[in-house]
Amino acid sequence: MPSCRRCSGVRLNVDCIGCGNEDELHSGNRCWSCILAATVDRLLSPLDNQTPSPALQAIATALKSMKRANSGLTWIQQPHVTAFLQQLSAAPVITHARLDELPASRTREYVRGLLVEHNALPRRDELSARFGEWSDQALERITSQKNRDIIRRYIRWHHQRRMNQMGEVTQGTFLRAKQSVTVAIELLNWLTERDTELAELTQAHLDRWQAEGPTTRGIASRFLDWATRTSLIDPSVKLQPHRRGTSPRLDATAQTELVATVSHTTDMNPRDRAAAILILVFGQQVTNIVRLTWDNVTVTEDLVSITLGTVEIALTSPLDEPWRELAATPTHHQTAAHPNSNWVFRGGSPGQHIQASTLTQRLSTAFGSRAARLGTLHELTKLAPVAIIAEALGYSPATIERHAIDSSANYAEYIASTATVKSGA
């Protein structure tokens, strides 16, 4: 059984001369926590012995209180982190605007997250702010001043207005906005090279541009729809639409095997297993999974349940096992990044959930998230009415109805082919 040094007979001195705790020593007979505290004080002390700003005091307290001091010390001793913190300590006042003036880097955004999470800076929508910064740079790629004004209007009155109306800009919205603007700029620059104004765009122009490039040029339909509504182009001009139903879908046999594997594997961590179950069993989108909080999950000795739509769904054994493990030992709980986080799938950035793209990449070693989700919905629509599935899983009835029509059509084709074979026999 565990015992103290005196009871165990160990004579090695492991008492920290700084705090007096019996702990693993780092150097100079001081533990990791004391060395971390001394390093933080040294880096975040303002010049001329000035009193640290409240923001600096908050981040210092957060770093010193980390349960895993060795991780904090490893991070803070990286040359670029050390240089950034010393630069920050020289600022008399720390604000979002002041941070925006510093060179963009992951360190800057991580420190900003720490300041927000520990109430030293007000919370702001970072993705909206990042889109504003990105769009200013994107405008510089436009070769025509007239087209630059058009894209500026498109950004302001379509994308930024939409973001301003959202409670919080999602990663998906942020990425779609960047894609839409990027492809719109590509189209306008292509027209400029041919001495053609946007108002002069014809179907022949659009067909040629679409045929010459990658399939991502289809994203330009979002910009063209806006240009039509604002009377910038002929409303009859249209891109060739993307065909629905062409995405690959995991078949029922493969899904059944994957569910069995994920339920019992030890090769995946509890977080990835929990997410995989939501995709393979309940057809959930990764973008919704990463935004789950512990308010959506109930874990008791007898039952684990999760609310995806408006219905609380019980997870039977062994599907409940990774959720119990995750509740007992949440990720990133020993750093300063998540002091009181309610996210189920915590990310590496302070106070933020894991990015959908990151989780998708992690799961890709086992299966394709989109193909698995489509396969699950395809099978579920054979088992229950559209309204019940939509309400239970948090989908719109129209979305589930499309999958139901597809699965019914495939079943009808199967019946028809069976009848043909029998009649031929």
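Contact is defined here as heavy atoms within 4.5 Å. In this predicted model, local features need pLDDT of at least 70, side-chain atom pairs count only at pLDDT 80 or more, and totals for chains, interfaces and linings use all residues. Residues are numbered from 1 along each chain as its sequence is written, and side-chain values use heavy atoms, without hydrogens or water.

Among contacts between residues at least 6 apart in sequence, 59% join residues at least 24 apart. The chain holds 20 helices and 5 strands; helices (H or I, at least four residues) and strands (E, at least two) are DSSP runs, numbered from the N terminus. The C-alpha trace spans about 90 × 65 × 35 Å along its principal axes. Of the 425 residues, 40% are buried. Buried means under 20% relative accessible area, exposed over 50%, and partly exposed in between (1.4 Å probe, protein chains only).

Helix α10 covers residues 171–193. Its 23 residues reach 33 Å from first C-alpha to last, close to the 33 Å expected at 1.5 Å a residue. That expected span is 1.5 Å times one less than the number of residues. Just after α10, Asp195 adopts a positive phi of about 55°.

Thr143 sits in the loop between α8 (126–139) and α9 (145–165). Thr143 is exposed, at a relative accessible area of 56%. Beyond its neighbours within four places in sequence, Thr143 is in contact with Asn189 and Thr192. Thr143 and Glu193 are 50 residues apart in sequence, yet their C-alpha atoms lie 9.0 Å apart in space.
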